[in-house]
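The following exercises are to be worked with the sequence and the coordinates at hand. Each task is followed by a solution in steps.

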Amino acid sequence: AQAVRRACYWSLLIGAPAGVTYGAHGVWGWHVEDRVPVDHPNTGRGPAWWEAARFDGSTSMKWLRAFFEDIEWWRLRPYQSLLARQPGIRDISKHAVAAMTDDGELAVIYTPVGAELTVNVRDLSLPAYAIWYDPARGVHTDVGRITHPGEHEFLTPGDQDHLLVIAKEAN
């Protein structure tokens, strides 16, 4: 499930994809029983589609959709300059990706592992409010207000992947 989330959030935040999709053995072939997919003899057995639809990767896609439905995702543009330091500089599995709206009212940073992110908020509209979003469980943790520009440190609330969301406070 974590590999599925990493691939999807990397794709959605660092590029300009038309979208992402997810499929597991059983789902993409609409299996009604545990079997090897038709014309894919060396890929292993897959469960019935209704069982595969309950895999952790499928649940992660539910939370991905919920996350993007709650923000104006269509306004986001890749913006790696938010990261004052890239945690994945020596290890690609720790590579964080960032996106921001042109007006600086919304920023999203995805880290595939628990990490301390150093974020330069100079281009964000302040004051802003920050939260961590857990893409495995669909829950958020409040971080607090950001009122001054410069570099800010943010430590994920756990060891797994998270999204840091920074949004301009409503007037």
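**Exercise 1: Strand pairing**

In this predicted model, Val119 lies opposite His152 of strand S8.

**Exercise 2: Helix packing**

Classify the packing of helix H1 (residues 2-14) against helix H3 (residues 56-69), and describe their contact.

Solution. Step 1: the axes are 10 Å apart and the angle is about 30°. Step 2: angles under 35 degrees count as roughly parallel, so H1 is roughly parallel to H3. Step 3: the crossing of the two helices is right-handed. Step 4: H1 contributes Val4, Arg5, Cys8, Tyr9, Leu12 and Leu13, which meet H3 residues including Trp63, Leu64 and Phe67. Step 5: by class, the contact of H1 with H3 has ten nonpolar, two polar and one charged residues.

**Exercise 3: A loop residue**

Is Ala136 buried, partly exposed or exposed, and which residues does Ala136 contact beyond its neighbours within four places in sequence?

Solution. Step 1: Ala136 is in the loop between strand S6 (128-134) and strand S7 (139-146). Step 2: its relative accessibility is 30%, so Ala136 counts as partly exposed. Step 3: with those sequence neighbours left aside, Ala136 is in contact with Arg5 and Trp63.

Conventions:
Residues numbered from 1 in each chain as written. Predicted model: local features only at pLDDT ≥ 70, side-chain atom pairs only at ≥ 80, totals over all residues. Heavy atoms only, no water. Axes fitted to C-alpha atoms, helices over the stretch in contact; angles between N-to-C directions. Helix = DSSP H or I, 4+ residues; strand = E, 2+ residues; numbered from the N terminus. Parallel < 35°, antiparallel > 145°, perpendicular 65-115°, else oblique. Left-handed = near helix turned anticlockwise from the far one by under 90°. Contact = heavy atoms within 4.5 Å. Nonpolar A, V, L, I, M, F, W, Y, C, P; charged D, E, K, R; others polar. Buried < 20%, exposed > 50% of the residue type's maximum accessible area, 1.4 Å probe, protein only. Pairing = 2+ DSSP bridges.
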